[in-house]
Amino acid sequence: MNIHRTVAVSLLALSAGGLPLAQAETLSDAVSAALATNPGLQAQRVETEIAVETVEQARAQGRTTLDLSGSAGYEYIDSNAAFADLSGTNGDRPIASAQIQAAKPIYTGGRIRAGIRQARAGVDAAESQYDAAVQDLVLQVITAYVDVRSDLEAVAIRENNVEVTGEQVRAASDRFDVGVVTRTDVSLSQARLEGARAALAGAQATLEADIANYQFLTGLTPTDLAPPPPLPPLPESLEAAVQIALDTNPDLAAARHAERAAREAIEVARGQYKPQISIVGTAARQETYNDFTQRDSSVSAVAQGTIPLLSGGLIQSQVKAARLQRSQAQRQIDTLQRSIRAQIAQSWFGYEASLRSIAASERQVEAARIAYDGAKEELAVGIRTTLDVLDQEQQLFEAQLALVQAERDSYVAAHSLLRATGQLSPDMLLLDGAGGDSR
């Protein structure tokens, strides 16, 4: 028996026996663990830090730069100038030079300022993407948490189904021994028992898979999972949910910041058309060693200007590419808006349907339980057959499973709606038990 099955069986045994565990693991614990340890989220945080560095890189282009250079070696001179041999000009001689240069951009046609704005927009986009990653992770943890809990309930129901069906097999065998029922009744009971065992094996496999997913997201092995807290307040209407999403959805915000960065990229490209002016200061010294040391020193401060006249179509192409990238970013915003509207509608109507499903499932469970109890009593007096009782028993268990699934779907759909609106942040998610559906 592997660790997942051991955990599941232990939880079910403790739940069935009414024995309390030392400390229940809450949804808040699971979300906190995921936010602290999930490697995907940590990678997204690094993306934000990288974007911050691009701002510094853009600012550095407008600051003064200082370079120091030097060289040393030998040179050979063969000159026919008068007195060259007497003066020691000809021949081999060591030579060394050093130069320090400072440059300060004065005018760049707005290219540097646009680059800084572009980098800041990139930071905003990265932060919005990080916010989106946080909300995605929170939704995944919530889904995994309620999946494990509903799986445990399903396994418990399936185990009870196996136990009850086994009792039906024993009862049918006893009735067959005294000639009350036929062998067909016994075979029907045994067939239902094997079907119940197969369904139990499937439910246990689903539980193990969901436990593995929970461990992947949180790094925790589920122990006793406490009931999830009540829902945070939800939007009052579908139209309100759509409007909130258009204002706060982090994916849409990231796309808008990306479009702003693309707009500034156009200005960066256009700036290459304009003159570039810098102040350059240089101090240099050269020493030549021969019979005597010759030193040459120079100091200069000049204004350097560059006017682009012909770039072979490079600048034009860069401007055109920047415009196309902005157009692409605008189309991505439109696509996201449509996608978000669809997500909200799907989550909204899914949540409403799940509420109706919960109410109907509760009524179905109550009616199925009454029908099952009545069928057992009628079987005892010979009014019902074994098949009738087995059918009623199956309907009861299926109704119980439908109720568990409906409750799970309702909780997930509500939080999917919050994620689509951009409100599923750990701060807004009331994991301490406060809040509730405001609709």
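D251 and R419 are joined by a salt bridge, and their closest N and O atoms lie 2.6 Å apart. The term salt bridge stands for a side-chain nitrogen of Lys or Arg within 4 Å of a carboxyl oxygen of Asp or Glu. The structure is a predicted model, in which local features need pLDDT of at least 70 and side-chain atom pairs count only at pLDDT 80 or more, while totals for chains, interfaces and linings use all residues. Residues are numbered from 1 along each chain as its sequence is written, and side-chain values use heavy atoms, with hydrogens and water left out.

## The chain as a whole

The chain holds 10 helices and 4 strands. Helices (H or I, at least four residues) and strands (E, at least two) are DSSP runs, numbered from the N terminus. Starting at the N terminus, the order of the elements is α-α-α-β-α-β-α-α-α-α-β-β-α-α. The chain has 439 residues, and 37% of them count as buried. Buried means under 20% relative accessible area, exposed means over 50%, and partly exposed is in between (1.4 Å probe, protein chains only).

## Salt bridges

How many salt bridges does a search of the whole structure find? The search finds 17.

| Residue | Partner | Closest N to O distance |
|---|---|---|
| D251 | R419 | 2.6 Å |
| R63 | E56 | 3.5 Å |

The salt bridge between D251 and R419 has its N and O atoms 2.6 Å apart. This pair links distant parts of the chain, since D251 is in helix α8 and R419 in helix α10 (residues 386–421), 168 residues apart. D251 counts as partly exposed because its relative accessibility is 29%. R419 has a relative accessible area of 7%, so R419 is buried.

With 11% relative accessibility, E264 counts as buried, whereas R117, at 35%, counts as partly exposed.

For R63 and E56, the closest N and O atoms are 3.5 Å apart. R63 is partly exposed because its relative accessibility is 40%. E56 has a relative accessible area of 33%, so E56 is partly exposed.

## Aromatic rings

Rings of Phe, Tyr and Trp (its six-membered ring) pair if their centres lie within 6.5 Å; planes under 30 degrees apart count as stacked, over 60 as edge-to-face and the rest as tilted. By this rule the count is 1 aromatic pair. The pair consists of Y145 and Y214, with 6.3 Å from centre to centre and 50 degrees between the planes, and it is tilted. Y145 lies in helix α5 (residues 111–177) and Y214 in helix α6 (residues 183–218), 69 residues apart, and the pair links distant parts of the chain. Are these two residues, Y145 and Y214, buried or exposed? Both Y145 and Y214 are buried.

The charged end of R45 sits over the ring of Y130, at 4.0 Å from the ring centre. A charge sits over a ring if NZ of Lys or CZ of Arg is within 6 Å of the ring centre and within 35 degrees of the ring normal.

## Helix α3

Helix α3 runs over residues 39–60 and has 22 residues. From its first C-alpha to its last, α3 reaches 32 Å, close to the 32 Å expected at 1.5 Å a residue. The expected span is 1.5 Å times one less than the number of residues.

Which residues of α3 are buried? They are L41, Q44, T48, A51, V55 and A58. These residues lie on the same side of α3 because they cover an arc of only 80 degrees around the axis (taken from the directions from the helix axis to the C-beta atoms). An α-helix has 3.6 residues a turn, so residues three or four places apart point the same way. The face of α3 turned away from the buried side carries the exposed residues P39 and Q57.

## Two further residues

D409 is in helix α10. D409 has a relative accessible area of 29% and is therefore partly exposed. D409 and S357 are 52 residues apart in sequence, and their C-alpha atoms are 9.6 Å apart in space.

A284 lies in strand β3 (residues 276–289). A284 counts as partly exposed because its relative accessibility is 21%. A284 and S97 are 187 residues apart along the chain, and 7.4 Å separates their C-alpha atoms.
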